[in-house]
Amino acid sequence: MFVSSKLASKMIKPISGFSRLSKKEKIDWLAETYLKNSPEDVAVLRQYWNEDSSLQQLHDEFTENTLSNFYLPFGLAPNFLINGDLLAIPMAIEESSVIAAASKAAKFWGSRGGFKAEVIDTKKIGQVHFNFFGNKKKLESFFESVKPKLLEAAKPITRNMEKRGGGVLAINLKDKTAEIPNYYQLHCEFETKDSMGANFINSCLEKFAEVFRDQAKNYTDFSSEEKDIEIIMSILSNYVPECLVRAEVSCPIEKLDENKDINAEDFAKKFIQAINIAEVEPYRAVTHNKGIMNGIDAVVLATGNDFRAVESGVHAYASRNGKYSSLTHASLENGIFKFWIEVPLALGTVGGLTSLHPLVKLALDILQKPSAKELMKVVAVAGLAQNFAAINSLTTTGIQQGHMKMHLMNILNQHGATEDEKKILTKHFTKHTVTHSSAVEELKKLRNS
C-alpha cells in the first residue's frame with residue numbers, strides 16, 4: 001500500500017474511539033497528527049463556528065465527527081415567472097456566474113410569458129433483493145398469497161402516510177435470474193407526498209422482507225430448500241423515472257430578438273442545433289447536463305434536499321435509452337420556438353433538514369412554503385433557466401466572456417487585491433478579455449505603478 005513518505009516518517013498510528021472525543025479533543029488530535037500543531041489551521045476551523053452555541057450544536061449534530069462548518073454562498077435569483085406566479089429562487093452554490101445566469105434567463109423569459117411547469121408523476125421505487133432456490137411457479141403462487149400480509153404488516157408504518165394521501169402503491173415480484181442465478185426482487189412503488197420518503201420507504205421494505213422470509217418458512221408447497229429464502233438487502237432506489245416533472249418556455253420566433261448581433265431565426269436554429277448535438281454526442285451531453293445541474297443542485301441544496309440522490313437519479317435518466325443524452329430539448333414549429341426539460345426529481349419539503357436547518361426553513365419561506373410538487377417545478381425551472389443561459393452564451397458571445405468576468409473577483413481575492421484595486425481592475429476588464437494570467441498581470445502593473 002502506498003504511504004506518503006512525509007506521513008510514514010511520523011509513524012502515525014490508528015486512533016481508537018475518535019467519535020467519542022469532544023470536538024476540542026478531535027481538533028487537538030488532528031492538529032498534532034496531521035497539521036504540525038499549526039495554530040493558523042486550528043484558527044480556521046474555529047472561525048467558522050457559529051457564535052450562537054445552540055445553533056452550532058445543531059449543526060454539529062447533522063453529521064458525525066464535526067469539526068467546523070463549511071460555508072457555501074446562499075444567494076437569490078429573482079424574477080422567475082412560473083405558472084403565473086413571480087418567485088425569487090434561493091440558491092446555494094460556489095460557482096461564479098450560476099446565479100447571474102439564472103437571473104438573466106428569468107428576466108428574458110419573464111417578458112415572454114414566463115416558465116410553464118407540471119408534475120407528470122410522483123411515484124418512487126424501493127426493492128427487496130433476494131435469492132430463491134427453487135421452482136419459479138411455486139414462488140409466484142407464494143407471492144400472491146403473501147402480498148396482503150406484507151401490506152398488513154406494514155400498516156403501523158404506513159398509517160400516517162396514508163392519512164396524507166400517500167402509502168404503498170404496488171408490490172410486484174420480478175424475476176432477475178437471467179442476469180444473476182436465483183436472483184429475484186420485490187419491486188415496490190410508493191407515494192410519499194411532501195416528504196422525500198427515504199426512511200419511510202426503507203422501513204416498509206425491511207418489514208416486507210422480514211414477513212416475506214418468515215412466511216416462506218411455513219409455506220407448505222415449498223421444499224425445505226425453497227423455504228430458505230435469502231434476503232440480500234432492502235433499500236429504496238434513487239432512480240425515479242416516474243417521479244417526473246416537466247418545465248418549458250416558448251414564444252414566437254420574432255421575440256428571440258435580444259441579441260442585435262444575430263437575427264432571431266438564426267439564433268433559434270443555432271440554439272436548436274446546440275441542443276441536438278447534446279442529444280447525440282455524449283461528450284457534449286455530460287457538460288451540457290452538468291450546466292443544468294448547476295441550477296438544479298443549487299436549489300436542492302438551499303432547500304435541504306439530497307443533491308447526491310438527485311444527481312445519480314438524473315444522470316441515470318439521461319442514460320435510460322442506452323446512451324447518455326441531453327435532458328433538455330428544443331424545437332421550432334409553425335414559427336414557435338419551444339425549449340423544455342423533463343427530469344426526475346424526488347424532493348421533500350417536510351422532514352430531514354427542512355425543519356432543522358434555519359437557512360433551509362428560510363429558503364422554503366422565500367418560496368412561499370411549497371409542497372413537494374411545487375418544489376419539483378421550481379427546481380426543474382432553475383435547471384432549464386441555467387441551460388438556456390449557457391446555450392445562449394455558447395452560441396453567441398462564448399461562455400468565457402460572462403463567466404470570467406464573474407470569476408475575476410475570485411482571482412483578485414486570491415491575490416489579496418484591495419477594494420480600490422478591485423474597482424480599477426473591474427473597470428479595466430469591462431473592455432478587455434479576462435483570463436487568470438491577464439488579471440494577475442494587470443494587478444501587478446497596477447501595484448508597480
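Figure 1. A search of the whole structure, which is a predicted model, finds 22 aromatic pairs. A pair of aromatic rings is described by the distance of the centres and the angle of the planes. F142 belongs to helix α6 (residues 136-153) and F212 to helix α8 (residues 198-217), so the pair ties together parts that lie 70 residues apart in sequence. F142 has a relative accessibility of 1% and therefore counts as buried. F212, at 0% relative accessibility, also counts as buried, the cut-off for this class being under 20%.

**Figure 2. The pair F271 and F388 and the aromatic cluster that contains both rings.** The ring centres of F271 and F388 are 5.4 Å apart, and their planes are at 35 degrees, so this pair too is tilted. The pair links distant parts of the chain, since F271 lies in helix α9 (residues 264-280) and F388 in helix α13, 117 residues apart. Both F271 and F388 are buried. Together with F108, W109, F267, F337 and F339, these two residues form one aromatic cluster. At F108, a member of this cluster, R112 lies over the face of the ring, at 3.7 Å from the ring centre.

**Figure 3. A charged group over the ring of Y317.** The charged end of R320 sits over this ring. Its distance from the ring centre is 3.8 Å.

**Figure 4. The nonpolar cores of the model.** Which residues have the most contacts inside the largest nonpolar core? They are F80, F208, F212, L256 and L345, in a core of 98 residues. Helix α13 (residues 372-394) supplies the largest share of this core, 12 residues. Leaving aside residues up to four places away in sequence, L345 touches V240, C243, V245, I296, V310, M376, V379 and A380. Apart from this core lies another, of 10 residues, which includes I411, L425, V434 and A439.

**Figure 5. The buried face of helix α4.** Helix α4 spans residues 53-60, and Q56, H59 and D60 are buried in it. Seen down the helix axis, the buried residues of α4 fall within an arc of 105 degrees, so they line one face of the helix. The packing partners of these buried residues are helix α2 (23-34) and helix α12 (358-366).

**Figure 6. Salt bridges within helices.** The count for the model comes to 21 salt bridges. An α-helix has 3.6 residues a turn, so residues three or four places apart point the same way. In one case, K24 forms a salt bridge with D28, and the closest N and O atoms are 2.8 Å apart. K24 and D28 are separated by about one helical turn because they are 4 residues apart in helix α2. D28 has a relative accessibility of 35% and so counts as partly exposed. In helix α16 (residues 436-448), E442 and K445 are 3 residues apart and therefore also about one helical turn from each other. Their side chains meet in a salt bridge, at 3.5 Å from N to O. E442 counts as buried at 18% relative accessibility, whereas K445 counts as partly exposed at 45%.

Figure 7. D175 forms a salt bridge with K136, the closest N and O atoms being 3.1 Å apart. D175 lies in strand β5 (residues 167-175) and K136 in helix α6, so the pair ties together parts that are 39 residues apart in sequence. D175 is partly exposed, with a relative accessible area of 31%, and K136 counts as partly exposed at 37% relative accessibility. Elsewhere, K123, E189 and E242 are linked in a network of salt bridges.

Figure 8. Q368 is not a glycine, yet it has a positive phi of about 65 degrees. Q368 is placed in the loop between α12 and α13 and is exposed, with a relative accessible area of 58%. K369 lies in the loop between α12 and α13 as well. K369, likewise not a glycine, has a positive phi of about 50 degrees, and at 62% relative accessibility K369 counts as exposed.

Terms used
Residues are numbered from 1 along each chain as its sequence is written. This is a predicted model: local features need pLDDT of at least 70, side-chain atom pairs count only at pLDDT 80 or more; totals for chains, interfaces and linings use all residues. Side-chain values use heavy atoms; hydrogens and water are left out. Buried means under 20% relative accessible area, exposed over 50%, partly exposed in between (1.4 Å probe, protein chains only). Helices (H or I, at least four residues) and strands (E, at least two) are DSSP runs, numbered from the N terminus. The arc is that of the directions from the helix axis to the C-beta atoms. Contact means heavy atoms within 4.5 Å. A nonpolar core is a set of buried Ala, Val, Leu, Ile, Met, Phe, Trp, Tyr and Cys residues joined through side-chain atoms within 4.5 Å. Rings of Phe, Tyr and Trp (its six-membered ring) pair if their centres lie within 6.5 Å; planes under 30 degrees apart count as stacked, over 60 as edge-to-face and the rest as tilted. A charge sits over a ring if NZ of Lys or CZ of Arg is within 6 Å of the ring centre and within 35 degrees of the ring normal. A salt bridge is a side-chain nitrogen of Lys or Arg within 4 Å of a carboxyl oxygen of Asp or Glu.
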